Amino acid sequence: MAQAIQQQDVARRKWILRPATREAITGWLFAMPWIIGFIVFTLGPMIFSLYTSFTRYNITTAPVWIGMENYQALFDDPRFYISLRNTFWLVAVKIPVVVIASICIALLLNLDLPGARAFRAIFYLPNVLAGVAAIFLWRWILAPDGLFNRALAVFGISGPAWFYDPLWTKPGIVVMGMWWIGGNILIYLASLKGIPAQLYEAAAIDGATGWTKTRYITLPMLSPTIFFQVVTGIIGAFQIFTTAYIIAGQGSEDVGKGGPSQSLLFYVLYLYNRAFGKSGPGGFQMGYASAMAWILFLIILAITLLQLWLARRWVYYESEGQ
């Protein structure tokens, strides 16, 4: 009897919940692990970071509310401006170089010349050796008597002391950044393969040459991919840390100095130095570092919104016919 009543209750609940509601509940239950992880590991720390940016906080003691003092101190800090200048330099130089080089190589690989498949693997292969190991490798390659300078010497060119000369430390990082463009090349190449051949055939009938096809067909059709690469590349370049940390600390140098003449004092490296007491007064300065993190967030947000606004003028989406 009791079992029959329970079965009736279950049947009634099934009847009460509409299929769309049951489907929505199922969807939320499947998404719940990600939502909990986002709240605990992303949103929660962000809110705490925003709070600590208005406090004096060194981890070992409770935060002390000081209002806008951290932000005011930032704008009076000369090293803050040095780190901003170094970071903007890297973004302004590295991103165009990487984008242009990646597109040019992808265009060559798209010609399907003999050996193109082997070159695709060769260009992507460096991505397998990523992270700290690759940085140490490039420290050796760009050493004053390293492989790169020896190659230049073959042509009678005297190479610079890359990571020891303040004028050449940032160009050295740009050169090193070419090591990881294999992934970018493959994304551009996939996008090139998706351009309809009929467009080129119609252009050929109208007498278009190779450059004209590239100018009026390839680049516009490639513009959504270029836009994606530029946006993500700029965000990544603003957050450069590992490379600067390892190179600035070579030869047992103090990372807090920011490399030769502070030429490697990028924004996130300076943020780290402040957070873990390698520069500035006192020990851990988590409140100051949190204020720096939120200013970096606002800078990246503003630049990304500007790019989204400018994208209306040069990015062509075939599905929208614009």
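Two salt bridges are present in the structure, a salt bridge being a side-chain nitrogen of Lys or Arg within 4 Å of a carboxyl oxygen of Asp or Glu. The model is predicted: local features need pLDDT of at least 70, side-chain atom pairs count only at pLDDT 80 or more, and totals for chains, interfaces and linings use all residues. Residues are numbered from 1 along each chain as its sequence is written, and side-chain values use heavy atoms, with hydrogens and water left out.

Side chains of opposite charge can pair when their charged atoms come close. Glu-69 belongs to helix α3 (residues 69–75) and Arg-56 to strand β1 (residues 55–56), so the pair ties together parts that are 13 residues apart in sequence. Helices (H or I, at least four residues) and strands (E, at least two) are DSSP runs, numbered from the N terminus. Glu-69 is partly exposed, at 41% relative accessibility. Buried here means under 20% relative accessible area, exposed means over 50%, and partly exposed lies in between (1.4 Å probe, protein chains only).

Arg-274 and Asp-77 also form a salt bridge, with their closest N and O atoms 3.1 Å apart. Arg-274 sits in helix α13 (residues 267–275), and Asp-77 in the loop between α3 and α4, so this pair ties together parts that are 197 residues apart in sequence. Arg-274 is buried, with a relative accessible area of 9%. Asp-77 is buried too, at 8% relative accessibility.

The largest pocket holds about 520 Å³ of space. It is lined by 20 residues, and the closest to its centre are Lys-94, Gly-177, Trp-180, Asn-184 and Gly-233. On a 1 Å grid over the protein atoms alone, a pocket is an open set of points where a 1.4 Å probe fits, with protein on both sides within 12 Å along at least five of seven lines; lining residues have an atom within 4 Å of a point. Grid points are joined across faces, edges and corners, and the volume is the space filled by probe spheres set on the points.

Four helices, α4 (78–109), α8 (169–177), α9 (182–193) and α11 (210–238), each supply at least two residues of this lining. The most comes from α11, with five residues. By class, the lining of the largest pocket has 10 nonpolar, nine polar and one charged residues. Ala, Val, Leu, Ile, Met, Phe, Trp, Tyr, Cys and Pro count as nonpolar, Asp, Glu, Lys and Arg as charged, and the others, Gly among them, as polar.

A nonpolar surface patch covers about 1,100 Å². Its members are Trp-28, Met-32, Trp-34, Ile-36, Phe-38, Ile-39, Val-40, Phe-41, Leu-43 and Ile-47. Patch residues have over 30% relative accessible area and no salt bridge, and nonpolar side chains (Val, Leu, Ile, Met, Phe, Trp, Tyr) are joined within 5 Å. Areas come from the Shrake-Rupley method with a 1.4 Å probe; for residues, only the protein chains shown count as cover. Ile-39 is placed in helix α2. Ile-39 is partly exposed, with a relative accessible area of 46%.

Leu-50 is also found in helix α2 (residues 19–52). Leu-50 is partly exposed, at a relative accessible area of 36%. Between Leu-50 and Ser-290 there are 6.8 Å in space, C-alpha to C-alpha, and 240 residues in sequence.

Two residues other than glycine have a positive phi. For Ile-59, phi is about 75°. Ile-59 lies in the loop between β1 and β2 (64–65) and is partly exposed, with a relative accessible area of 44%. For Gln-262, phi is near 60°. Gln-262 occupies the loop between α12 (242–248) and α13. Gln-262 is partly exposed, with a relative accessible area of 24%. The C-alpha atoms of Gln-262 and Ser-290 are separated by 22 Å, at 28 residues along the chain.

Ser-279 is located in the loop between α13 and α14 (286–314). Ser-279 is buried, at 7% relative accessibility. Ser-279 and Lys-257 lie 7.9 Å apart in space, C-alpha to C-alpha, and 22 residues apart in sequence.

Conventions:
Patches are made of residues with over 30% relative accessible area and no salt bridge: like charges are joined within 9 Å, nonpolar side chains (Val, Leu, Ile, Met, Phe, Trp, Tyr) within 5 Å.
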